[in-house]
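Dear colleague,

I am passing a structure on to you with this message, together with some notes on what turned up in it. Please have a look at it first, and then read on.

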Amino acid sequence: MGSTPAPIRLGLIGTGLATQKLHWPALRRLADAFQVVAFANHTRPKAENFSSYSGVSMDGYHEDYHDLLARDDVDAVLISLPIGLTYRVTKEALESGKHVITEKPC
């Protein structure tokens, strides 16, 4: 048997209600496949709330998602933003070389 692959190092862009209610419960169950290493939200209280229920350290927090996209230790990003922002942020994430998971059409 082969060895288990390392988890995908994931960055979250957006830590609001959809992340809390939909994405985090799934990511928690898929901990062997995904490791959240960074997250971005322009609203610090939402980021602090995410950190408190997820256990992901605020050391991985970025107010500006561009800083998250510049990280070498992020393989992929999950974009959980309002529809009006999804296309632009998805395009920038792909241009930065990241793999992308998004819940909404672009």
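Which residues does Ser80 touch, not counting residues up to four places away in sequence? Before the reply, a word on the basis of these notes: this is a predicted model, in which local features need pLDDT of at least 70, side-chain atom pairs count only at pLDDT 80 or more, and totals for chains, interfaces and linings use all residues. Residues are numbered from 1 along each chain as its sequence is written, and side-chain values use heavy atoms, with hydrogens and water left out.

The residues that Ser80 touches are Ile13, Gly14, Ala18, Thr19, His23 and Glu103, where contact means heavy atoms within 4.5 Å. Ser80 has its place in the loop between strand E4 (76–79) and helix H4 (83–95); helices (H or I, at least four residues) and strands (E, at least two) are DSSP runs, numbered from the N terminus. Ser80 counts as buried because its relative accessibility is 10%, given that buried means under 20% relative accessible area, exposed over 50%, and partly exposed in between (1.4 Å probe, protein chains only). The side chains of Ser80 and Thr19 are joined by a polar contact of 3.4 Å. A polar contact, as used here, is a pair of N or O atoms within 3.5 Å; within protein, one must be able to donate a hydrogen and the other to accept it, and residues adjacent in sequence count only if both atoms are side-chain atoms.

Two packed helices are described by the angle between their axes and the distance between the axes. Helix H1 (residues 17–29) packs with helix H2 (residues 44–54) at an angle of about 35 degrees, and their axes are 11 Å apart; the axes are lines fitted to C-alpha atoms, for helices over the stretch in contact, and angles run from 0 to 180 degrees between N-to-C directions. The crossing of H1 and H2 is right-handed, a crossing being left-handed if the near helix is turned anticlockwise from the far one by less than a right angle, and right-handed if clockwise. On the H1 side Thr19, Gln20 and Trp24 take part, and they meet Asn49, Phe50, Tyr53 and Ser54 in H2. Sorted by class, this contact of H1 with H2 has three nonpolar, four polar and no charged residues, where Ala, Val, Leu, Ile, Met, Phe, Trp, Tyr, Cys and Pro count as nonpolar, Asp, Glu, Lys and Arg as charged, and the others, Gly among them, as polar.

The aromatic residues deserve a paragraph of their own. Rings of Phe, Tyr and Trp (its six-membered ring) pair if their centres lie within 6.5 Å, and planes under 30 degrees apart count as stacked, over 60 as edge-to-face and the rest as tilted. By this rule the count comes to four aromatic pairs. One of them is the edge-to-face pair of Trp24 and Phe50, with 5.6 Å centre to centre and 90 degrees between the planes. Since Trp24 lies in helix H1 and Phe50 in helix H2, the pair ties together parts that are 26 residues apart in sequence. Both Trp24 and Phe50 are buried. Phe50 also forms an edge-to-face pair with Tyr53, at 5.5 Å centre to centre and 85 degrees between the planes, and these two residues both lie in helix H2, three residues apart, about one turn of the helix. Tyr53, at 25% relative accessibility, counts as partly exposed. Trp24, Phe39, Phe50, Tyr53 and Tyr61 form one aromatic cluster.

His62 is found in strand E3 (residues 61–62) and, at 16% relative accessibility, counts as buried; a polar contact of 3.1 Å joins its side chain to that of Arg71. Among the residues that His62 touches are Ala40 and Asn41. Ala40 lies in strand E2 (residues 34–40) and is buried, with a relative accessible area of 2%, while its C-alpha atom is separated by 6.2 Å from that of Leu12, 28 residues apart along the chain. Asn41 is found in the loop between E2 and H2, counts as buried at 8% relative accessibility, and has a side chain joined to that of Thr15 by a polar contact of 2.9 Å.

Best regards
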